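Take a look at the model first, and then read on.

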Amino acid sequence: MVNLSFKQKCVPLSWKMATVTPIFKSGDSSNIDNYRPISILPVVSKVAEKWVTKLINEHLNKGHSLLHPMQFGFREHHSTEFANCLFIEKIKHMLDSNPCVGAVFLDLKKAFDTVNHEILLSKLTYFNFSMDAIQWIKSYLEFRKQCVCINSVKSTFLDVPVGLPQGSILGPLLFSMYINDLPNTCGNVEFQMYADDAVIFTSAKNIQEAASILTSALVPVNEWLSKSCLLLNTTKTVCMVFTKQPLDIKHSGIFLERQELEIVSKFKYLGVTLDST
(Lines give C-alpha, C1' and ligand atoms only; values in the text may rest on other atoms or scores of the structure.)
Protein backbone atom coordinates (compact mmCIF):
# COMPACT_ATOMS: atom_id res chain seq x y z
CA MET A 1 0.00 0.00 0.00
CA VAL A 2 2.79 2.38 0.89
CA ASN A 3 4.75 1.56 -2.27
CA LEU A 4 1.60 2.06 -4.34
CA SER A 5 1.12 5.46 -2.71
CA PHE A 6 4.67 6.44 -3.72
CA LYS A 7 4.25 5.05 -7.25
CA GLN A 8 0.99 6.93 -7.85
CA LYS A 9 2.26 10.05 -6.03
CA CYS A 10 -0.99 10.07 -4.09
CA VAL A 11 -1.90 9.87 -0.40
CA PRO A 12 -5.32 8.24 0.21
CA LEU A 13 -7.94 10.49 1.77
CA SER A 14 -8.51 7.96 4.58
CA TRP A 15 -4.90 8.54 5.70
CA LYS A 16 -5.58 12.28 6.10
CA MET A 17 -8.48 12.17 8.57
CA ALA A 18 -7.40 13.39 12.02
CA THR A 19 -9.23 13.17 15.32
CA VAL A 20 -8.37 16.02 17.69
CA THR A 21 -8.71 15.64 21.45
CA PRO A 22 -8.34 18.88 23.46
CA ILE A 23 -6.26 18.37 26.63
CA PHE A 24 -6.64 20.98 29.39
CA LYS A 25 -3.34 22.66 30.34
CA SER A 26 -4.06 25.18 33.12
CA GLY A 27 -5.96 28.37 33.92
CA ASP A 28 -9.57 29.09 33.02
CA SER A 29 -11.20 25.89 31.73
CA SER A 30 -13.76 27.92 29.75
CA ASN A 31 -10.98 29.56 27.68
CA ILE A 32 -10.26 27.55 24.53
CA ASP A 33 -6.66 28.84 24.45
CA ASN A 34 -5.94 26.86 27.63
CA TYR A 35 -6.34 23.53 25.81
CA ARG A 36 -3.66 21.67 23.86
CA PRO A 37 -5.02 19.93 20.73
CA ILE A 38 -3.74 16.35 20.47
CA SER A 39 -4.21 15.05 16.94
CA ILE A 40 -4.55 11.29 16.30
CA LEU A 41 -3.78 10.18 12.74
CA PRO A 42 -4.39 6.75 11.11
CA VAL A 43 -1.66 4.21 11.88
CA VAL A 44 -1.02 3.33 8.21
CA SER A 45 -0.25 6.98 7.43
CA LYS A 46 2.38 6.94 10.19
CA VAL A 47 4.09 3.97 8.49
CA ALA A 48 4.27 5.88 5.20
CA GLU A 49 5.45 9.06 6.95
CA LYS A 50 8.22 7.18 8.74
CA TRP A 51 9.57 5.91 5.41
CA VAL A 52 9.34 9.33 3.76
CA THR A 53 11.08 10.99 6.72
CA LYS A 54 13.86 8.37 6.52
CA LEU A 55 14.28 8.93 2.76
CA ILE A 56 14.33 12.74 3.12
CA ASN A 57 16.92 12.59 5.92
CA GLU A 58 19.13 10.32 3.78
CA HIS A 59 18.74 12.77 0.90
CA LEU A 60 19.67 15.77 3.07
CA ASN A 61 22.60 13.94 4.71
CA LYS A 62 24.13 13.23 1.30
CA GLY A 63 24.77 16.95 0.90
CA HIS A 64 21.77 17.94 -1.19
CA SER A 65 21.45 21.51 0.14
CA LEU A 66 21.74 20.59 3.81
CA LEU A 67 19.55 22.02 6.51
CA HIS A 68 21.01 25.09 8.19
CA PRO A 69 23.80 24.05 10.60
CA MET A 70 22.10 25.97 13.42
CA GLN A 71 18.85 23.98 13.06
CA PHE A 72 18.86 21.38 15.86
CA GLY A 73 15.28 20.17 15.71
CA PHE A 74 14.33 16.62 14.67
CA ARG A 75 17.70 15.80 13.10
CA GLU A 76 20.01 12.85 13.49
CA HIS A 77 22.89 13.50 15.93
CA HIS A 78 21.18 16.67 17.19
CA SER A 79 19.23 17.26 20.39
CA THR A 80 17.97 19.87 22.86
CA GLU A 81 21.04 19.09 25.00
CA PHE A 82 23.37 19.76 22.07
CA ALA A 83 21.56 23.03 21.30
CA ASN A 84 21.69 24.18 24.94
CA CYS A 85 25.37 23.28 25.37
CA LEU A 86 26.39 25.14 22.22
CA PHE A 87 24.29 28.18 23.10
CA ILE A 88 25.75 28.41 26.62
CA GLU A 89 29.32 27.93 25.39
CA LYS A 90 28.86 30.67 22.80
CA ILE A 91 27.51 33.05 25.48
CA LYS A 92 30.48 32.29 27.75
CA HIS A 93 32.93 32.76 24.88
CA MET A 94 31.35 36.12 23.97
CA LEU A 95 31.51 37.28 27.60
CA ASP A 96 35.26 36.65 27.59
CA SER A 97 35.72 39.53 25.14
CA ASN A 98 32.68 41.76 25.78
CA PRO A 99 30.87 42.95 28.93
CA CYS A 100 27.41 41.76 27.86
CA VAL A 101 25.46 39.56 25.45
CA GLY A 102 21.91 40.43 24.40
CA ALA A 103 19.50 37.68 23.33
CA VAL A 104 15.92 37.60 22.02
CA PHE A 105 13.97 34.36 22.35
CA LEU A 106 11.48 34.30 19.49
CA ASP A 107 8.04 32.80 20.04
CA LEU A 108 6.06 31.95 16.91
CA LYS A 109 2.27 31.99 17.23
CA LYS A 110 0.87 28.56 16.25
CA ALA A 111 3.73 28.11 13.80
CA PHE A 112 2.82 24.64 12.48
CA ASP A 113 -0.82 25.68 11.96
CA THR A 114 -0.09 28.62 9.65
CA VAL A 115 2.40 27.07 7.20
CA ASN A 116 1.44 27.97 3.63
CA HIS A 117 1.45 24.88 1.41
CA GLU A 118 2.38 26.68 -1.81
CA ILE A 119 5.37 28.40 -0.16
CA LEU A 120 6.52 25.09 1.37
CA LEU A 121 6.30 23.21 -1.95
CA SER A 122 8.22 25.95 -3.76
CA LYS A 123 11.00 25.77 -1.14
CA LEU A 124 11.41 22.02 -1.64
CA THR A 125 12.97 22.68 -5.06
CA TYR A 126 15.88 24.35 -3.19
CA PHE A 127 16.59 20.98 -1.56
CA ASN A 128 16.75 19.28 -5.00
CA PHE A 129 13.55 17.29 -4.54
CA SER A 130 12.29 15.54 -7.66
CA MET A 131 8.93 16.56 -9.08
CA ASP A 132 7.56 13.11 -8.14
CA ALA A 133 8.56 13.66 -4.50
CA ILE A 134 7.03 17.15 -4.48
CA GLN A 135 3.84 15.78 -6.02
CA TRP A 136 3.56 13.15 -3.24
CA ILE A 137 4.10 15.80 -0.53
CA LYS A 138 1.52 18.03 -2.25
CA SER A 139 -0.97 15.15 -2.07
CA TYR A 140 0.04 14.56 1.56
CA LEU A 141 -0.79 18.17 2.48
CA GLU A 142 -3.99 18.83 0.53
CA PHE A 143 -7.58 17.82 1.28
CA ARG A 144 -6.86 17.08 4.94
CA LYS A 145 -9.78 16.93 7.37
CA GLN A 146 -10.17 16.83 11.13
CA CYS A 147 -12.86 16.43 13.75
CA VAL A 148 -12.87 17.05 17.50
CA CYS A 149 -13.65 14.31 20.00
CA ILE A 150 -14.82 15.11 23.55
CA ASN A 151 -16.12 12.41 25.91
CA SER A 152 -16.41 9.92 23.00
CA VAL A 153 -18.60 12.37 21.04
CA LYS A 154 -17.19 13.42 17.64
CA SER A 155 -17.90 16.59 15.72
CA THR A 156 -18.34 16.67 11.95
CA PHE A 157 -15.17 16.72 9.84
CA LEU A 158 -13.94 20.09 8.57
CA ASP A 159 -11.28 20.93 5.97
CA VAL A 160 -7.75 21.94 7.06
CA PRO A 161 -6.49 24.03 4.11
CA VAL A 162 -3.28 25.36 5.76
CA GLY A 163 -0.66 24.20 8.23
CA LEU A 164 1.21 20.96 8.83
CA PRO A 165 -0.57 17.93 10.31
CA GLN A 166 -0.41 17.97 14.11
CA GLY A 167 0.83 14.69 15.58
CA SER A 168 2.55 13.68 12.34
CA ILE A 169 6.06 12.25 11.93
CA LEU A 170 6.82 14.13 8.71
CA GLY A 171 5.46 17.53 9.82
CA PRO A 172 8.43 18.68 11.98
CA LEU A 173 10.95 17.88 9.23
CA LEU A 174 8.87 19.77 6.64
CA PHE A 175 8.72 22.73 9.04
CA SER A 176 12.51 22.69 9.46
CA MET A 177 12.86 23.00 5.68
CA TYR A 178 10.17 25.69 5.62
CA ILE A 179 12.13 28.02 7.92
CA ASN A 180 15.60 26.91 6.78
CA ASP A 181 16.51 30.25 5.20
CA LEU A 182 15.29 32.39 8.12
CA PRO A 183 18.81 32.82 9.64
CA ASN A 184 20.02 34.28 6.34
CA THR A 185 17.87 37.39 6.91
CA CYS A 186 20.27 38.90 9.43
CA GLY A 187 23.99 38.26 9.18
CA ASN A 188 24.99 40.63 11.99
CA VAL A 189 23.70 38.42 14.83
CA GLU A 190 24.00 34.78 15.88
CA PHE A 191 20.96 32.62 15.14
CA GLN A 192 19.98 29.25 16.60
CA MET A 193 16.82 27.14 16.05
CA TYR A 194 15.15 24.04 17.38
CA ALA A 195 12.18 23.64 14.99
CA ASP A 196 10.12 26.77 15.79
CA ASP A 197 12.09 27.67 18.96
CA ALA A 198 14.56 30.32 17.81
CA VAL A 199 16.94 32.69 19.52
CA ILE A 200 19.04 35.56 18.13
CA PHE A 201 21.92 36.96 20.16
CA THR A 202 24.91 39.28 19.94
CA SER A 203 27.77 40.53 22.08
CA ALA A 204 28.28 44.24 22.69
CA LYS A 205 30.26 46.79 24.65
CA ASN A 206 27.16 47.88 26.53
CA ILE A 207 23.45 47.14 26.87
CA GLN A 208 22.43 50.01 24.62
CA GLU A 209 24.60 48.74 21.76
CA ALA A 210 23.21 45.21 22.12
CA ALA A 211 19.64 46.58 22.11
CA SER A 212 20.30 48.60 18.96
CA ILE A 213 21.79 45.61 17.09
CA LEU A 214 18.95 43.27 18.07
CA THR A 215 16.25 45.84 17.24
CA SER A 216 17.75 46.22 13.75
CA ALA A 217 17.98 42.44 13.31
CA LEU A 218 14.32 41.95 14.23
CA VAL A 219 13.15 44.07 11.27
CA PRO A 220 14.20 41.64 8.47
CA VAL A 221 13.27 38.66 10.69
CA ASN A 222 9.75 39.99 11.12
CA GLU A 223 9.46 40.79 7.40
CA TRP A 224 10.55 37.24 6.48
CA LEU A 225 8.04 35.73 8.91
CA SER A 226 5.25 37.90 7.51
CA LYS A 227 6.02 36.82 3.93
CA SER A 228 6.09 33.19 5.08
CA CYS A 229 2.66 33.45 6.78
CA LEU A 230 4.22 33.12 10.24
CA LEU A 231 3.63 35.50 13.12
CA LEU A 232 5.69 36.45 16.17
CA ASN A 233 3.90 36.38 19.50
CA THR A 234 5.11 39.70 20.92
CA THR A 235 3.82 38.97 24.42
CA LYS A 236 5.88 35.76 24.66
CA THR A 237 8.91 36.95 22.69
CA VAL A 238 11.27 38.06 25.45
CA CYS A 239 14.87 39.16 25.79
CA MET A 240 17.73 38.66 28.22
CA VAL A 241 21.04 40.38 28.84
CA PHE A 242 23.81 38.01 29.90
CA THR A 243 26.55 39.57 32.05
CA LYS A 244 29.22 38.33 34.45
CA GLN A 245 27.82 40.50 37.22
CA PRO A 246 24.06 40.73 37.94
CA LEU A 247 22.44 43.96 36.77
CA ASP A 248 19.06 45.44 37.60
CA ILE A 249 17.67 46.26 34.14
CA LYS A 250 14.13 47.61 34.00
CA HIS A 251 13.73 48.16 30.25
CA SER A 252 15.15 46.14 27.37
CA GLY A 253 15.39 48.93 24.80
CA ILE A 254 14.68 46.27 22.17
CA PHE A 255 11.69 47.00 19.96
CA LEU A 256 9.56 44.98 17.58
CA GLU A 257 7.23 47.13 15.47
CA ARG A 258 7.53 49.97 18.04
CA GLN A 259 6.59 47.66 20.90
CA GLU A 260 9.29 47.24 23.54
CA LEU A 261 10.01 43.61 24.36
CA GLU A 262 9.87 42.37 27.93
CA ILE A 263 13.23 41.76 29.60
CA VAL A 264 13.56 38.75 31.90
CA SER A 265 16.27 37.58 34.30
CA LYS A 266 15.41 33.88 33.78
CA PHE A 267 14.13 31.95 30.78
CA LYS A 268 13.40 28.26 30.16
CA TYR A 269 15.14 27.43 26.88
CA LEU A 270 14.52 23.92 25.53
CA GLY A 271 13.80 22.58 29.02
CA VAL A 272 16.75 24.25 30.77
CA THR A 273 16.28 27.39 32.87
CA LEU A 274 18.95 29.98 32.09
CA ASP A 275 19.59 33.10 34.14
CA SER A 276 21.31 36.33 33.16
CA THR A 277 24.61 35.33 34.77
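## Where two helices meet

From α2, the residues E49, T53, I56, N57 and L60 meet G171, L173 and M177 of α6, where contact means heavy atoms within 4.5 Å. Sorted by class, the residues of this contact are four nonpolar, three polar and one charged. Here Ala, Val, Leu, Ile, Met, Phe, Trp, Tyr, Cys and Pro count as nonpolar, Asp, Glu, Lys and Arg as charged, and the others, Gly among them, as polar.

The axes of α2 (residues 43–61) and α6 (residues 171–178) come within 10 Å and cross at roughly 35°. Axes are lines fitted to C-alpha atoms over the stretch in contact, with angles from 0 to 180 degrees between N-to-C directions. Helices are DSSP runs (H or I, at least four residues), numbered from the N terminus.

## How the model was read

This is a predicted model: local features need pLDDT of at least 70, side-chain atom pairs count only at pLDDT 80 or more, and totals for chains, interfaces and linings use all residues. Residues are numbered from 1 along each chain as its sequence is written, and side-chain values use heavy atoms, leaving out hydrogens and water.

## Between the domains

An automatic or database assignment sets the domain bounds, dividing the protein chain into domain 1 (1–68 + 112–176) and domain 2 (80–110 + 182–275). Their centres, taken over C-alpha atoms, are 30 Å apart. Eight residues of domain 1 are in contact with 13 residues of domain 2.
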